[in-house]
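Welcome! Please have a look at it first, and then read on.

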Amino acid sequence: MSRLLSSTRARLVLFQVLILGLAGLVTSYAIFKLVTVPAQQESDAVLYEQWNKVSSGLQLQADGSVAYSQGALPETEGDAQIPIEAVVLTKDGVIAHTDSRILPDSFLSQSAASVFAGKGGAMVDWHDRNGAPRRVYYEQQALGDQPNQVPVVVVVSRSTAELQATTRRLLLLLAGGSLLVTLVGAALAWLLVDRTLRPVRAIAAAARSIGDRDLHRRVDVPTPADELRELRATFNQMLGRLERSFEGMRRFTADASHELRSPLTVIRTAVDVALARPRAPADYQKVLQSVQVEVDHMGRVLEQLLLLAQADAGSLRPLLREIDVADLVEELAARWRGAAEAKQVEVVAEIPDVGTVQADPDLLRRALDNLVENAVRHSPALAQVTVSARSGDGAWLFEVADQGAGIPEDLREEVFRRFVRADSVRTRRGGGAGLGLALGAAIARAHQGELTLARRPGPGAVFQLRLPAPERPPSGGAGGETPSPGFAGYSPDSPPREAGFAGTPAAGEPPPPPASPGTPPTPRGREPHRASPLTPPGSLISS
Ligand SMILES: Nc1ncnc2c1ncn2[C@@H]1O[C@H](COP(=O)(O)OP(=O)(O)O)[C@@H](O)[C@H]1O
Ligand SMILES: [Mg+2]
């Protein structure tokens, strides 16, 4: 039963049956009463009339006997075809009656006794031994004048078999009609519900048949232009989102494994070659250095991936510290100056506004370092990279501008996606895995800010990192009374991040600026896994 009721169709049909059944019951009752009550009243009226006729025609004779004025007691009343039995009783028994006698003496004497006992007359139903029904009316009547008045009881009765038969036929008709209406209603409801639910079942079947390998498929069962069409559209939209998400994940996995496999190949080849024959210590050192470079790169990629995964999961929560903006920008520029000089590029810091910003020093440095690293890497010789910070509109705007080739119009959005690198092979030298800007954007979002590529006339790219400014007014300036750990002073406070890559000594750190001029910021000199063409846009969950 509960299994049957678990189907919507069965429930709707059952509901319909209950409604129709109840309606049938109420209607039948009303019709039954409307028909039978007047019929009963009419039948009773005939009996009253006959009683009146008989009792008013009774006369007390001089000898004390009772006679009916018109001879024998009448057996019918009006045009009624059903004979009416009439009996007159005194305390001593029956004194007059119609030719036909049906009511037994016992019943008659009982009725008379109750009347003589002062209980009054009544209209009652009586059944003979075979169950044939009769309606009986008895009441007292006084005959003769005072003081010789004689009380008599006049009993009239007639068969109600015909009335009962009519009533029974009516009942049968009403019950049959109600049942028929209920059944037909249930059948129609079943068909209607079936028709309505058919598209739902079709949608469900189509949905069941779509696996994670064919998410490109769509549910296209015909539906009426109603809520079902909306359901179908919603379902297809969800499929679209799932498809994009799965596709992103697939591409991401492919990109990530490619990015990690290439340095492994380089390491394996270098080690194989080194072990092929005995070598001088200097050769081994060279090999180990190249292995270190690859391991560094892998560590950096893994760490970026873990941070991005944290951002995707919404668990990249900045550990906010108050950072002095002037210190931060100065230190940032100073840190990259050595690497830039090697390329004859000048790094200039511009700090028109002073104050502090609430940010996670580790994350903020990571985002800004990547911007400066990109700018230096894409700058031609004798060019300038400008790092600046301005406050206004309740936000701090950090800007890194260079005079390089800039970002092609069609890649302005793409560069923020994971594993996207727009570089030519030449400029790609020393670059990362194409995760820096994606991570920078995620870091900005985690701070309720944003990382954008500004539009500026002239050559070069201008990246802007906007961070909300602290609520209270900025303090007097760099090195004021406010404790400002500055950029360099962040590391002791910042607990190690879970995403830290334990294998690399510089876990979580961007490449340290070279100690001496002449070395690029990311001293890699490694080409193989950078030689891949521009990786198509891909993201783990969405972008
Ligand atoms: N200042 C810039 N000038 C020109 N192209 C840039 C600049 N910054 C970033 N790009 C382009 O955006 C791509 C993505 O940058 P990023 O996410 O930092 O990755 P990566 O530095 O590892 O290549 C770079 O590969 C490069 O093609
Ligand atoms: Mg980068």
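Gln344 lies in the loop between H7 and strand E9 (346-350). Please keep in mind that this is a predicted model. The protein comes to ten helices and 14 strands, and buried residues make up 28% of its 543 residues.

- Gln344 is not a glycine, and yet its phi is positive, at about 60°.
- Asp393 also has a positive phi, of about 55°, although it is not a glycine.
- You can find Asp393 in the loop between E11 and E12.
- Asp393 is exposed, because 10 other C-beta atoms lie within 10 Å.

**The sheet with mixed pairing**

- Five strands make an open sheet with mixed pairing, in the order E9-E11-E12-E14-E13.
- At the edges stand E9 and strand E13 (450-454); each has a single partner strand, so one side of each is left without a neighbour in the sheet.
- From one strand to the next, the twist of this sheet averages 15°.
- E9 and E11 pair in the parallel sense, over five bridges, and Glu346 stands opposite Gln384 in E11.
- H7 packs on this sheet and touches E9, E11 and E12. The direction of H7 makes about 175° with that of E9.

**The antiparallel sheet**

- Another open sheet has five strands in the order E4-E3-E7-E6-E5, with antiparallel pairing.
- Its edge strands are strand E4 (93-97) and strand E5 (122-127), each of which pairs on one side only.
- Here the twist averages 30° from one strand to the next.
- Strand E3 (residues 84-90) and strand E7 (residues 150-159) are joined in the antiparallel sense over six bridges, and Ala86 stands opposite Val156 in E7.
- Helix H3 (residues 105-119) packs on the sheet, where it touches E3, E4, E5, strand E6 (133-143) and E7. The direction of H3 makes about 135° with that of E7.

**Nonpolar cores**

- In soluble globular proteins, nonpolar side chains tend to be buried together.
- The largest nonpolar core has 57 residues, and Ala367, Val372, Val385 and Ala442 touch the most other members.
- Elements that give two or more residues to this core include helix H6 (281-312), helix H7 (325-341), strand E10 (356-359) and strand E14 (462-468).
- H7 provides the largest share of this core, nine residues.
- Beyond its neighbours within four places in sequence, Ala367 is in contact with Gly440, Ile443, Ala444, Leu451 and Leu465.
- A second, separate core has 22 residues, among them Val46, Leu58, Val136 and Tyr138.

**Around ligand 1**

- Which residues come nearest to ligand 1? Of the 23 residues around it, they are Asn374, Arg421, Ala422, Gly432 and Gly436.
- Helix H8 (361-377) and helix H10 (436-446) are the elements that give two or more residues to this shell.
- The shell divides into eleven nonpolar, nine polar and three charged residues.

**Contacts along the sequence**

- Among contacts between residues at least 6 apart in sequence, 70% join residues at least 24 apart.

Technical notes:
Residues numbered from 1 in each chain as written. Chains lettered and ligands numbered in written order. Predicted model: local features only at pLDDT ≥ 70, side-chain atom pairs only at ≥ 80, totals over all residues. Near = placed C-beta within 6 Å. Helix = DSSP H or I, 4+ residues; strand = E, 2+ residues; numbered from the N terminus. Nonpolar A, V, L, I, M, F, W, Y, C, P; charged D, E, K, R; others polar. Core = buried A, V, L, I, M, F, W, Y, C linked by C-beta atoms within 7 Å. Buried ≥ 20, exposed ≤ 12 C-beta atoms within 10 Å, placed from the backbone. Contact = placed C-beta atoms within 7 Å. Pairing = 2+ DSSP bridges. Axes fitted to C-alpha atoms, helices over the stretch in contact; angles between N-to-C directions.
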